[in-house]
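Dear colleague,

I am passing on the structure we spoke about, and I would be glad if you could look it over before reading the notes that follow.

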Amino acid sequence: MIGNRITHRTADGVRIPGTWRHVFIRNGGHYFLTDLFIYADGLIDCWGLVTVEEFEEKLRTGWVATSFPEGGEASAHDLAEWKFSEPRSWRTPELLVAEVRDTIDRLNGRPDSTGRCLAAVDAFLADQTEENRAAARAAFLAIPASRRRYALGDMDRKDAPLRVLVAGPGGQTYIPADPPITQEVYDSALAYFEERARWRAEKPTRVPADGPVASHAPAVQLYHSYPNKPVDDPGKLGLRNDYPAPITVGEVSYASVAHAYWALSVAQPEVQSAIAMAETAASARKLATEALRREGWEHVRTAVMTRLLRAKYDQHPELAEILLATDDATVIYDDAESAFWGDNAGHGRNWTGRLLELVRSELHARRAGISGL
């Protein structure tokens with residue numbers, strides 16, 4: 001369905017959002033399965049940028065094809081070729097243009113035909129005159145037929161209450177197989193919309209059973225720094241992995257999480273010892289960079305870092321309090337040396353930030369008496 005795929009193009013340095021869908025283009029009697037790109041500025045790329053009006057002309061002439069002859073030759077570039085056998089199409093030129101116009105409206109945040117229909121339905125429900133019903137019915141029928149079953153967003157009802165509402169008692173829906181609308185069926189549709197209105201009114205205040213989706217605390221940025229000695233009140237600096245907060249892992253003591261991480265990353269025991277005794281975290285990293293990495297390190301490094309962070313905040317309760325004070329904030333960790341561990345202005349993966357949030361959650365659980373799971 002149009003709109004579920006996200007793309008863009010750049011024009012004059014401006015990013016133009018868009019989406020795309022499959023179409024067939026007929027060129028020289030051959031049908032090519034290709035991509036139709038639709039952009040928020042109203043341009044459509046079907047082997048060249050065109051306006052909506054020019055796109056309609058492409059459909060009229062059959063350049064963009066919506067019907068296919070028996071035995072017609074078709075291909076998908078560099079994938080396959082075939083001939084049509086008993087071809088069937090679910091799109092007419094008019095329907096495809098209507099879908100494209102709707103897509104442009106949605107890309108611009110404007111009500112599309114479905115949004116306009118639901119607004120007309122709300123107007124009718126507020127003032128149930130036949131004039132308003134006729135306007136709602138016209139707006140409903142203006143929705144492309146391919147999208148007319150899910151205007152309400154109800155996969156179970158498939159717009160049946162909407163068809164009944166706009167037809168009215170004694171009326172007939174646009175589907176020939178539907179029977180005439182009885183008063184009982186109409187009253188049921190009205191009850192559906194009353195319940196829907198209550199649900200929509202309550203929705204903004206409804207809290208998910210599992211809690212809010214987003215953090216309520218402002219994000220915390222842990223900028224890259226080079227702390228060489230502990231201070232009395234480190235603040236968020238104490239959350240840095242290279243902050244000199246000694247930890248013991250097994251029988252070995254390290255001057256910081258960074259020291260432990262780099263020591264465990266190398267294969268040679270003598271280099272591990274040298275890294276553990278390095279004067280600064282930067283020196284520890286330099287020694288590790290020049291040494292042979294432990295085999296398969298990339299597969300275990302996140303588990304190792306998790307263990308080291310747990311050790312740090314278990315062994316330094318004062319730093320655990322600083323981490324807990326960040327509440328549920330997103331932790332953005334900068335690491336000038338690593339796009340894996342750092343966020344780095346959105347260019348990195350921020351794994352240190354993610355693991356700090358995990359350890360913080362474990363500390364909160366312990367404080368709440370939820371432990372040993």
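Please keep in mind that this is a predicted model. I begin with a pair of helices, in which Ala320, Glu321, Leu323 and Leu324 of H11 meet Leu356, Val359, Arg360, Leu363, His364 and Arg367 of H12. Sorted by class, the residues of this contact are six nonpolar, one polar and three charged. The axes of H11, which spans residues 317-324, and of H12, which spans residues 351-367, come within 10 Å and cross at roughly 105 degrees; because angles of 65 to 115 degrees count as roughly perpendicular, H11 is described as roughly perpendicular to H12.

Leu356 of H12, already named in that contact, also belongs to the largest nonpolar core, which has 44 residues and in which Ile275, Leu308, Leu309, Tyr313 and Leu356 touch the most other members. If its neighbours within four places in sequence are left aside, Leu356 is in contact with Leu222, Leu239, Leu309, Tyr313, Leu323, Val331 and Tyr333. There is also a second, separate core of 22 residues, which includes Cys117, Ile143, Ala151 and Leu190.

Another helix pair is formed by H7 (residues 257-265) and H9 (residues 281-289), whose axes come within 9 Å and cross at roughly 10 degrees, and these two helices are therefore roughly parallel to each other. Here Ala258, His259, Trp262 and Ser265 from H7 meet Ala281, Ala284, Arg285 and Ala288 from H9, and the residues of this contact divide into five nonpolar, two polar and one charged.

With best wishes

Terms used
Residues are numbered from 1 along each chain as its sequence is written. This is a predicted model: local features need pLDDT of at least 70, side-chain atom pairs count only at pLDDT 80 or more; totals for chains, interfaces and linings use all residues. Side-chain values use heavy atoms; hydrogens and water are left out. A nonpolar core is a set of buried Ala, Val, Leu, Ile, Met, Phe, Trp, Tyr and Cys residues joined through side-chain atoms within 4.5 Å. Buried means under 20% relative accessible area, exposed over 50%, partly exposed in between (1.4 Å probe, protein chains only). Contact means heavy atoms within 4.5 Å. Axes are lines fitted to C-alpha atoms, for helices over the stretch in contact, and angles run from 0 to 180 degrees between N-to-C directions. Helices (H or I, at least four residues) and strands (E, at least two) are DSSP runs, numbered from the N terminus. Angles under 35 degrees count as roughly parallel, over 145 as roughly antiparallel, 65 to 115 as roughly perpendicular and the rest as oblique. Ala, Val, Leu, Ile, Met, Phe, Trp, Tyr, Cys and Pro count as nonpolar, Asp, Glu, Lys and Arg as charged, and the others, Gly among them, as polar.
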